[in-house]
Amino acid sequence: MNMNMKKSFDNAGSRRRSSPAQRRTLGCYRYVRLHWRILFAVVDWLGCLAARLVAHLMHSGTPEAERAGPVESILLVQLDHIGDALITAVVLPALKARFPGARIDVLAAQWNREVFAACPEIDRIHVSRVNRFARGLRRHAWLASALWWGWKLRRYRYDLAIDVRGEFPHVLIVWLAGARRRLGWDCGGGGFLLTERARFSPDRPEVQARLALLARVGVDAPDVLAGGPWFNPPSGAARRVYGLLVEAGGLTKPWFVMHLGAGTEAKRWPVEHWRELLGRVILEYGARVAIVGGPGETPLVRAVTQGLDWPGVVDFTGRLSLVETAALIQAARVFIGGDSGPAHLAASVATPAVVLFSGTNSASQWRPWGARVAVVRHDVPCSPCHRHRCPWIEHPCMSGISPLDVMACIESLVGPPATTLPQPAPAGPAARSALAAELAKLARSPA
């Protein structure tokens with residue numbers, strides 16, 4: 001079930017950013033900032049001019065001649081987020097079926113390498129620790145890293161290199177690597193360095209975008225859009241997770257998995273909303289709740305539980321690898337979380353998922369791809385803003401999603417609860433906080 005739950009929000013005094021339609025009129029580039037669009041328009045104009053001049057002086061062959069010959073080695077460049085890597089994993093079987101005898105390598109980031117390590121289609125993983133998506137000072141050295149990786153990969157003599165995302169640093173890598181065929185998008189700059197380009201559409205789901213890109217090299221896989229499971233955690237990860245669940249209380253009650261964090265502050269749901277939802281799923285569904293996330297999200301879990309030992313709640317933050325997190329979600333009845341990597345993990349293992357989507361990105365483009373994914377969001381006029389932090393104190397796109405909205409989505413996926421608690425009075429945050437406090441007291445009482 002691919003479902004969207006929309007809510008309206010109208011604030012006549014809101015400062016609006018340019019609309020998606022307005023941004024599209026600024027050119028084909030996918031960059032949000034206008035100065036980046038202007039920069040790469042200039043780079044592409046000069047690059048195309050230089051490429052034509054070199055081709056004329058050196059009497060080089062046509063692009064069609066470059067594309068001739070068998071494809072025996074393929075390089076994928078995927079340096080961005082876990083969710084993006086999982087979306088690429090959807091189409092890997094189709095790519096392997098198109099080139100069954102080819103070796104498929106990937107240039108991955110340190111944080112998404114586990115995704116590709118679990119994909120049987122991948123033969124070798126190169127790991128980049130310094131790139132534009134790294135945190136801290138390492139992200140600023142992306143140009144030096146792109147140059148280094150491009151020259152390092154030349155010795156593999158790839159027949160086909162693919163920039164999955166569509167950004168100039170990745171195009172630079174595939175060009176410097178010397179691949180005979182270089183496939184990418186027309187939206188990231190550096191298109192004159194590619195031999196084949198696909199047209200970028202900002203409102204297209206990313207899975208469909210991957211298929212449109214690979215169609216340029218003859219990949220045809222309409223069955224991918226069925227939305228079934230495509231990521232299989234290793235058996236060792238599943239065994240460890242089974243042992244942890246037995247140790248934490250067994251399998252007699254359903255397990256709900258929650259991810260409370262997100263990659264940016266603008267994508268996070270209020271703590272008091274998480275607290276109320278936690279109490280409701282425990283008391284209404286009689287569920288046990290496993291909370292997942294990285295070690296940096298442990299303080300957030302403590303803030304939601306107020307440092308108390310809630311019965312049936314197990315904090316797994318910082319304790320599981322990516323594939324173990326996938327195995328845990330696979331064993332759950334439902335997953336609830338924000339727009340982040342674990343939500344894409346839930347979709348990849350076909351676990352019913354409720355995803356709380358902020359106004360930072362387009363849900364139609366970036367939602368997790370799955371047959372049983374329900375997206376709940378609160379419409380605001382400033383979306384998509386592409387910000388890391390909301391400038392509005394009330395953070396309306398996320399605070400406007402109520403715990404009852406999420407409970408309605410959970411019910412649509414797994415059925416109604418055995419018990420229904422009273423709804424909060426429509427008196428605003430104070431009434432909601434009071435109900436959350438009562439839920440906390442009930443949750444601490446003996447079963």
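A search of the whole structure turns up zero disulfides, a disulfide being a pair of cysteine sulfur atoms within 2.5 Å. Buried means under 20% relative accessible area, with a 1.4 Å probe and protein chains only.

This is a predicted model, in which local features need pLDDT of at least 70, side-chain atom pairs count only at pLDDT 80 or more, and totals for chains, interfaces and linings use all residues. Residues are numbered from 1 along each chain as its sequence is written, and side-chain values use heavy atoms, leaving out hydrogens and water.

## Helix α13

Helix α13 spans residues 341-348; helices are DSSP runs of H or I with at least four residues, numbered from the N terminus. Eight of its eight residues are buried, so α13 is largely enclosed by the rest of the structure. After α13 comes A350, which has a positive phi, near 65°.

## Packing against α4

Helix α4 (residues 82-98) packs with α13 at an angle of about 20°, their axes 8 Å apart. That makes the two helices roughly parallel, the term for angles under 35 degrees. Axes are lines fitted to C-alpha atoms over the stretch in contact, and angles run from 0 to 180 degrees between N-to-C directions.

Which residues meet? From α4 come I82, G83, L86 and I87, and from α13 come G341, H344, L345 and S348; contact means heavy atoms within 4.5 Å. These contact residues divide into four nonpolar, four polar and no charged, with Gly counted as polar.

Definitions and conventions
Buried < 20%, exposed > 50% of the residue type's maximum accessible area, 1.4 Å probe, protein only. Parallel < 35°, antiparallel > 145°, perpendicular 65-115°, else oblique.
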